[in-house]
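Take a look at the sequence and the 3D structure. Then read on for a short tour of some strands and their partners.

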Protein chains: 2
Amino acid sequence: MSQSQLMPVEEAIDRLLAMAEAQRLHDSESVPLSDARQRVLASDLVATLDLPPWPNSAMDGYALNVGDWSGQPFAVSQRILAGQAPEALLPGTCARIFTGAPVPEGANSVEMQENVELLEDGRVRFKQSLTAGQNIRPQGQENRVGRVLLRAGKRLGPFELAIAAAQGCTHVHVVRRPRVALLSTGDELAEPGTPLKPGCIYNSNRTLLSHWLSALGCEVIDAGILPDRPQQTRLKLEQLQHAADVILTTGGVSAGDADCLGQVLRECGKPLFWKLSIKPGKPLTVGHFGTVPVISLPGNPTSALVTFGLLARAYLLRIQGVEDVTPLSFPMSVGFDWPKAGGRREYLRARLEAGRAILYPNQSSGVLLGASWADGLVEIPEGCTLQTGDTARFIPFCDLF
Amino acid sequence: MSQSQLMPVEEAIDRLLAMAEAQRLHDSESVPLSDARQRVLASDLVATLDLPPWPNSAMDGYALNVGDWSGQPFAVSQRILAGQAPEALLPGTCARIFTGAPVPEGANSVEMQENVELLEDGRVRFKQSLTAGQNIRPQGQENRVGRVLLRAGKRLGPFELAIAAAQGCTHVHVVRRPRVALLSTGDELAEPGTPLKPGCIYNSNRTLLSHWLSALGCEVIDAGILPDRPQQTRLKLEQLQHAADVILTTGGVSAGDADCLGQVLRECGKPLFWKLSIKPGKPLTVGHFGTVPVISLPGNPTSALVTFGLLARAYLLRIQGVEDVTPLSFPMSVGFDWPKAGGRREYLRARLEAGRAILYPNQSSGVLLGASWADGLVEIPEGCTLQTGDTARFIPFCDLF
């Protein structure tokens with residue numbers, strides 16, 4: 001197959017997202033804040049409380065009404081700590097007030113304690129000119145009742161859950177977890193902890209992907225290791241199609257005779273595409289088996305990593321309703337030469353050092369050590385060459401989880 | 001206190017890390033790979049297996065010995081699938097071989113199937129010149145037995161756990177979780193789910209920090225909400241010092257009369273520093289109560305966020321043995337003007353758009369919504385002004401978790 005027949009990455013992502021829209025999960029559930037990290041909001045979180053709920057002091061100091069003041073010292077008529085409900089301010093007096101405490105009715109200004117003089121008789125002299133509103137955080141400065149604080153489709157991390165807590169919520173309304181059946185294929189795969197027979201390797205993709213799926217809010221159904229037998233493959237997919245929202249497989253999708261998963265999908269399923277313009281990861285295959293979507297990643301760990309991170313991740317977030325599925329990326333100066341333009345879009349494991357992206361020395365597609373060493377991926381478009389100091393797109397790994 | 005007396009952020013981090021070195025956790029445990037995400041490796045992970053364990057084919061094609069070949073067609077003497085142990089290659093023949101399958105003894109080259117012609121008599125004609133080693137991944141290309149794959153102190157994510165699985169490990173040897181007592185202080189704090197009394201606000205810092213602590217591998221001991229009473233504060237700290245490795249508090253550390261936690265630490269404890277050259281977050285206080293380290297964050301959620309992310313996080317990783325505790329950061333062009341130099345180092349919530357960092361409109365220190373909107377923090381050093389297009393350090397949030 002010539003390079004020109006390969007599908008560009010953007011087109012593959014667009015097709016995957018269209019498929020995800022048709023597969024959106026509509027069930028939702030209420031979960032405690034403590035269990036809601038990495039879940040996706042099912043409905044808008046709307047403020048039921050002004051924040052702050054009342055005007056409050058931004059400083060430790062004295063609250064007064066600047067209209068009462070013409071230079072004379074003020075008696076201190078009350079003392080207001082955070083957590084206390086103050087009395088209305090007696091006209092012509094001030095209130096001792098602390099950071100976060102409610103500003104009493106009748107006061108319109110807070111002077112910080114460093115700028116006042118305490119007189120022997122207990123009164124307070126304001127030494128500088130005062131303006132209305134100073135050092136006061138107005139009621140509703142952060143949000144007013146009715147404001148949409150977080151939109152449906154927002155992924156919930158520590159910040160978002162704290163926003164819900166600040167509204168007094170104990171639970172949030174989230175999309176149910178996608179059930180993802182994770183199926184490793186290949187006669188050569190052995191379970192870690194078992195003896196390694198000649199010609200075999202240990203299955204590492206299941207570990208990679210089950211942790212990654214959890215981080216994306218998915219429930220993982222471990223569907224084990226499948227040998228390269230078309231009949232067994234068909235039976236397994238038939239079983240899984242009723243248990244899972246998505247079947248995620250690794251291995252068995254090259255064009256070789258032994259790649260029976262790819263064959264079964266092409267014969268019995270409805271393949272959406274295969275052969276991507278991506279390196280590593282060209283044999284990614286996406287389709288349906290019966291009604292269930294099947295995303296088949298190449299078996300090589302680095303290929304699985306790149307195609308999961310750039311393609312399957314977007315799909316799995318979108319079925320949960322996440323709008324912005326594009327990973328964080330930014331232009332970065334490269335600390336290497338790339339003299340030979342490639343026919344496929346290439347993703348290289350790189351680390352940021354001294355403001356430049358430098359490459360892991362061994363970019364062979366089998367090497368997970370490079371991913372562990374790296375901070376993320378440098379993207380090199382089809383037909384592109386680079387010289388040291390040129391700029392390329394950098395995608396940090398941390399945002400892919 | 002004048003700005004010049006404030007402690008620079010770097011010095012505070014250095015002091016915290018020195019304190020962490022003295023507090024390193026030495027106990028470790030063996031945990032299954034499935035439970036080990038976000039834990040820290042207690043000892044080097046050393047390869048017990050060459051990867052690949054045998055030379056294998058990088059292609060679907062035909063394996064032969066190029067020394068046998070002078071242009072004539074070869075008979076196919078065996079068929080080798082991934083997961084099979086091949087026979088030694090019969091001299092003068094070739095073997096059908098598939099991607100990932102072991103290269104048979106006696107073969108030194110693999111030709112991809114696209115470059116051969118299958119003759120009617122079953123023999124194979126190689127159409128292009130062949131070189132020794134082509135399309136073969138040598139044994140041990142990724143790693144050899146005895147190589148340190150991951151150093152003690154490495155944080156374990158999906159990549160690292162997959163590296164362990166590829167060696168056949170079912171468990172990893174990790175540092176025990178730090179036990180962190182999380183204590184919220186302030187008379188104004190109400191539990192989410194309870195009615196809000198006048199003058200009160202809901203506690204959101206506990207939610208923020210308990211999720212964040214979990215993401216850093218910590219075991220969270222919820223020590224509840226503490227009112228602003230010196231005697232109760234002393235008693236609580238006395239209780240917690242035997243249950244926790246670290247006490248993490250929020251609130252009560254400004255200089256005001258109501259900031260009794262700061263007072264108790266200064267009177268009964270050994271404060272290492274307070275008053276940082278950081279905005280938001282100046283009142284961060286660090287010290288010991290008895291023998292237990294106490295890190296006291298300001299109560300304002302954004303101040304808590306910044307000081308936890310930039311300072312407490314580094315401490316909590318280092319006591320687990322993590323060497324590189326500096327968060328990912330990179331130079332980024334800014335899409336805003338910053339005309340007025342500040343006396344403290346300022347951290348602004350910003351989003352990356354079209355290759356520039358743009359600011360959340362409301363940088364008031366109370367606003368968590370800005371953190372949720374943002375991709376990370378722009379750092380503006382003391383005394384620095386910026387114009388649109390200038391470069392500043394950007395710290396993405398994703399790497400702080």
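## The model

The structure is a predicted model. Keep that in mind throughout.

## A four-stranded open sheet

Chain A has an open sheet of four strands, in the order S5-S6-S4-S7. Their pairing is mixed. At the edges sit strand S5 (75-80) and strand S7 (109-112) of chain A, and each pairs on one side only. On average, neighbouring strands of this sheet are turned by 30° against each other, direction ignored.

Now zoom in on one pair. S5(A) runs parallel to strand S6 (residues 93-97) of chain A, and five bridges link the two. One example: Ile80(A) has Ile97(A) in S6(A) as its bridge partner.

## Strand S21 and its cover

Move on to strand S21 (residues 292-297) of chain A. Six of its six residues are buried. Both faces of S21(A) are covered. Val292(A), Val294(A) and Ser296(A) lie on one side. Pro293(A), Ile295(A) and Leu297(A) lie on the other.

## Partners of S21

Strands of a sheet pair through backbone hydrogen bonds, either parallel or antiparallel. Which sense does each pairing of S21(A) with S17 and S20 take? With strand S17 (residues 246-250) of chain A, the pairing is parallel, over four bridges. Here Leu248(A) stands opposite Ile295(A) in S21(A).

With strand S20 (residues 285-289) of chain A, S21(A) runs antiparallel, and five bridges join them. Gly287(A) stands opposite Val294(A) in S21(A). S20(A) and S21(A) form a hairpin, with two residues between them. In the turn, Gly290(A) has a positive phi of about 60°.

Note on methods. Residues are numbered from 1 along each chain as its sequence is written. Chains are lettered from A and ligands numbered from 1 in the order in which they are written. This is a predicted model: local features need pLDDT of at least 70, side-chain atom pairs count only at pLDDT 80 or more; totals for chains, interfaces and linings use all residues. Two strands pair if DSSP finds at least two bridges between them. Axes are lines fitted to C-alpha atoms, for helices over the stretch in contact, and angles run from 0 to 180 degrees between N-to-C directions. A residue is buried if 20 or more other C-beta atoms lie within 10 Å of its own, exposed if 12 or fewer, and partly exposed in between; C-beta atoms are placed from the backbone.
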